[in-house]
Amino acid sequence: MADIPTLEPTTANAGDTWRWNRTLADYPASAGWTRSYTLINAAAKITINAAASGDDHAVTVRAAPTAGYAAGSYARRARVSRAGEDYTVGEGRI
């Protein structure tokens, strides 16, 4: 199996599995921080939740759900949350 990327993708194909891990020193998953992503364009709003993997936030989106995602450019926002605290920790496009 190929190494799992440590950055969010800038391109992704519908119908493929999407996978990446992120480490955030200030917001480790092992300390109870959760990470989520919102992808938005004119056609859709998609929410992706990461799972804890030690200190890392591991993202896996299976091929079946991505097959239904509308093609196009999406704004991407990453957030972390814990005990009523919420912070935006990244933005970009995919």
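Which strand holds Lys45? Lys45 is found in strand β3. Strands here are DSSP runs of E with at least two residues, helices are runs of H or I with at least four, and both are numbered from the N terminus. This is a predicted model, in which local features need pLDDT of at least 70 and side-chain atom pairs count only at pLDDT 80 or more, while totals for chains, interfaces and linings use all residues. Residues are numbered from 1 along each chain as its sequence is written, and side-chain values use heavy atoms, with hydrogens and water left out.

**The four-strand sheet**

- An open sheet is formed by 4 strands in the order β3-β2-β6-β7. Its pairing is antiparallel. Two strands pair if DSSP finds at least two bridges between them.
- β3 (45-49) and β7 stand at the edges. Each has a single partner strand, so one side of each is left without a neighbour in the sheet.
- On average, neighbouring strands of this sheet are turned by 20° against each other, direction ignored. Axes are lines fitted to C-alpha atoms, for helices over the stretch in contact, and angles run from 0 to 180 degrees between N-to-C directions.
- Strand β2 (residues 34-40) pairs with β6 in the antiparallel sense over 7 bridges. Here Thr34 stands opposite Ser81 in β6.
- Side chains in a regular strand alternate between the two faces of the sheet.

- Strand β6 (residues 75-82) and strand β7 (residues 85-93) pair over 8 bridges. They run in the antiparallel sense.
- Ala75 stands opposite Arg93 in β7. Ala78 stands opposite Gly90 in β7.
- β6 and β7 form a hairpin with 2 residues between them.
- Ala83 lies in the loop between β6 and β7. Ala83 has a positive phi of about 45°, although it is not a glycine.
- Ala83 is exposed, with a relative accessible area of 81%. Buried means under 20% relative accessible area, exposed over 50%, and partly exposed in between (1.4 Å probe, protein chains only).

**The three-strand sheet**

- Another open sheet has 3 strands in the order β1-β5-β4. The pairing is antiparallel here.
- β1 (18-22) and β4 (51-53) stand at the edges. Each has a single partner strand, so one side of each is left without a neighbour in the sheet.
- Neighbouring strands of this sheet are turned by 30° against each other on average, direction ignored.
- β4 and strand β5 (residues 56-61) pair in the antiparallel sense over 3 bridges. Ala51 has Ala58 in β5 as its bridge partner.

- Lys45 counts as exposed, at 62% relative accessibility.
- Lys45 is in contact with Thr38, Leu39 and Ile40, leaving aside its neighbours within four places in sequence. Contact means heavy atoms within 4.5 Å.
- Lys45 and Tyr74 are 29 residues apart along the chain. Their C-alpha atoms are separated by 8.8 Å.
- Asp16 is found in the segment before β1. Asp16 is partly exposed, with a relative accessible area of 35%.
- Asp16 touches Val61, Arg62, Ala63 and Thr66, not counting residues up to four places away in sequence.
- Asp16 and Arg93 are 77 residues apart in sequence. In space they are 18 Å apart, C-alpha to C-alpha.

**The cavity**

- The count comes to 1 cavity of 30 Å³ or more. On a 1 Å grid over the protein atoms alone, a cavity is a set of points where a 1.4 Å probe fits but cannot get out.
- About 30 Å³ of space lies in the largest cavity. Grid points are joined across faces, edges and corners, and a volume is the space filled by probe spheres set on the points.
- Glu8, Pro9, Trp20, Tyr37, Leu39, Arg76 and Ile94 line the largest cavity. Lining residues have an atom within 4 Å of a point.
- By class, this lining has 5 nonpolar, no polar and 2 charged residues. Ala, Val, Leu, Ile, Met, Phe, Trp, Tyr, Cys and Pro count as nonpolar, Asp, Glu, Lys and Arg as charged, and the others, Gly among them, as polar.

Terms used. 1 Å grid on protein atoms, 1.4 Å probe; cavity = no way out; pocket = protein on both sides within 12 Å on 5 of 7 lines; lining within 4 Å.
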